[in-house]
Amino acid sequence: IIYSAIRRDRQSSFWALTGALLFFVSPSCAGYFLPMARVDTMMLAFSISGLYLLQEAPNSILHCILGGALLLCAFYTKQSAILFAAAGGLWLFTVNRRRALIVAGIWLLSLISIFFLINYASNGYFYQHTIGLIFAWYQPGLMFRLFKHFLLNWGIFLAGAIAAFIAIIYRRENTIWGYFFIFSLINIPMTNRTGAVPIYYIPIIASISIISGREAGELYKFLSKSKQHIIGRTSFIALVIFGILAANRFQYIRPNLYDIRIMNGYSRIFWK
């Protein structure tokens, strides 16, 4: 999906593939946790699929309803995905206000109806587990420690994505992935639980990958057209190499024997 999102924005296959592969690199990388089959991975898949459909045809009611349905699935997979639904709705509002209001109305009606039905069937436990426990467990100190942990591993990528986002603003480009990037950063205060720390940040990693992949292609085009194109492209390659070295200063995390046994167990169940 990341590859398709970058390709749709008139970038070459090389830069689309680069952005897609960026999702899997760096210490404590997203790829290390994906085989653990956490709900965050499914939430991310639903979210960016829904956003992609909205961007694909914002004037098509069918695309908008399907995109909204996927974002609704993302929310019921993990409640923080409501931020990405808001990102998609806000972008759609800037493109087609009437269509955005229709989709938002359908989405909210479906959200409320399904919520009350499940809550009624579960004798109130659905509300307790999806909303009550989130606020009951909230710890600001832990949230800041988790974010510090994330910055130690992904700080250089985040800095690059912020620079790329500034370039998007400078060009006054209205892209749904810019909204996705901003709302994934807003998601930071909701990451306040222990466990597989980096898995809570995979929406940010996905948005960084899309923003960086598409803007790296734009920058390379600009450098290739400049008078000092050889110097420009050489400097760009040197910057990329420096970024790779800096990003891997802690070395890659390698699965231990316990992790390998768990992954193999998932594999046997999946292919059974």
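Predicted model: local features only at pLDDT ≥ 70, side-chain atom pairs only at ≥ 80, totals over all residues.
Two packed helices are described by the angle between their axes and the distance between the axes. Helix α9 spans residues 140-170, and helix α11 spans residues 202-225. Their axes lie 9 Å apart, at an angle of about 45°. Angles under 35 degrees count as roughly parallel, and those from 65 to 115 as roughly perpendicular. The two helices α9 and α11 are therefore oblique to each other. The crossing of α9 past α11 is left-handed.

Both helices supply side chains to this contact. From α9 come Phe150, Trp154, Phe157, Leu158, Ala161, Ala164, Phe165, Ala167 and Ile168. From α11 come Ile204, Ile205, Ile208, Ile211, Ser212, Arg214 and Glu215. Sorted by class, the contact holds 13 nonpolar residues, 1 polar residue and 2 charged residues.

Ser212 deserves a separate look. This serine sits in helix α11. A polar atom of the Ser212 side chain lies 2.8 Å from the backbone oxygen of Ile208. Beyond its neighbours within four places in sequence, Ser212 touches Leu22 and Ala161. Ala161 belongs to the α9 side of the contact with α11.

A second pair is formed by α5 and α7. Helix α5 covers residues 61-77, and helix α7 covers residues 97-121. The axes come within 10 Å and cross at roughly 35°. Here the crossing of α5 past α7 is right-handed. On the α5 side, the contact involves Ile61, Cys64, Ile65, Gly68, Leu71, Leu72, Phe75 and Tyr76. On the α7 side, it involves Arg99, Ile102, Val103, Ile106, Trp107, Ser110, Leu111, Ile114, Phe115 and Ile118. By class, this contact has 15 nonpolar, 2 polar and 1 charged residues.

How values were computed: Residues numbered from 1 in each chain as written. Heavy atoms only, no water. Axes fitted to C-alpha atoms, helices over the stretch in contact; angles between N-to-C directions. Helix = DSSP H or I, 4+ residues; strand = E, 2+ residues; numbered from the N terminus. Parallel < 35°, antiparallel > 145°, perpendicular 65-115°, else oblique. Left-handed = near helix turned anticlockwise from the far one by under 90°. Contact = heavy atoms within 4.5 Å. Nonpolar A, V, L, I, M, F, W, Y, C, P; charged D, E, K, R; others polar. Polar contact = N/O pair within 3.5 Å; in protein donor to acceptor, adjacent residues only side chain to side chain.
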